[in-house]
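Here's a quick briefing for anyone meeting this structure for the first time. Have a look at it, then read on.

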Amino acid sequence: MEEMTNYKMIQRIESETFGLELLRRGMLPLKLLDYKVYYERYLSELKTKRQGLAITFTAEEFNVSENTIRNAITLMRKC
């Protein structure tokens, strides 16, 4: 069986009623969804920019630190 990244797991959680209920009740931190959004935007920026610039542009767009974007990238890529 193929290993699933955290990003794929969060996508799966979002697509299931039970997963959304866990998020709604605070049993899963909403920060996970924030990180997913940051990661998706970073991937979009990466299509036209170098990695460093993609991180910078994403951080500026969401008014967060570049470190936050790096943390999101690291978390989303983990298996």
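A quick definition to start: two residues are in contact, or touch, when they have heavy atoms within 4.5 Å. With that in hand, Ile69 touches Tyr38, Ile55, Thr58, Ala59 and Val64, leaving aside residues up to four places away in sequence. Keep in mind that this is a predicted model.

**Confidence**
- The protein chain has a mean pLDDT of 93, with 97% of its residues at 70 or more.
- Among the chain's elements, H4 has the highest mean pLDDT (98), while helix H2 (residues 17–24) has the lowest (87).

**Helix H3**
- Buried in H3 you'll find Tyr35, Lys36, Tyr38, Tyr39, Tyr42 and Glu45.
- Those buried residues pack against three partners: helix H1 (6–15), helix H4 (51–62) and helix H5 (66–77).

**The nonpolar core**
- There are 13 residues in the largest nonpolar core, and Tyr39, Tyr42, Ile69, Ile73 and Met76 have the most contacts inside it.
- H1, H3, H4 and H5 each give two or more residues to this core.
- As background, nonpolar side chains tend to be buried together in soluble globular proteins.

**Rings and a charge**
- Searching the whole structure turns up four aromatic pairs.
- One aromatic cluster is made up of Tyr7, Tyr39 and Tyr42.
- Over at Phe57, the charged end of Lys49 sits over the ring, 4.7 Å from its centre.

Key:
Residues numbered from 1 in each chain as written. Predicted model: local features only at pLDDT ≥ 70, side-chain atom pairs only at ≥ 80, totals over all residues. Heavy atoms only, no water. Buried < 20%, exposed > 50% of the residue type's maximum accessible area, 1.4 Å probe, protein only. Helix = DSSP H or I, 4+ residues; strand = E, 2+ residues; numbered from the N terminus. Phe/Tyr/Trp six-rings, centres within 6.5 Å; stacked < 30°, edge-to-face > 60°. Lys NZ or Arg CZ within 6 Å of the ring centre and 35° of its normal. pLDDT = per-residue confidence, 0-100. Core = buried A, V, L, I, M, F, W, Y, C linked by side-chain atoms within 4.5 Å.
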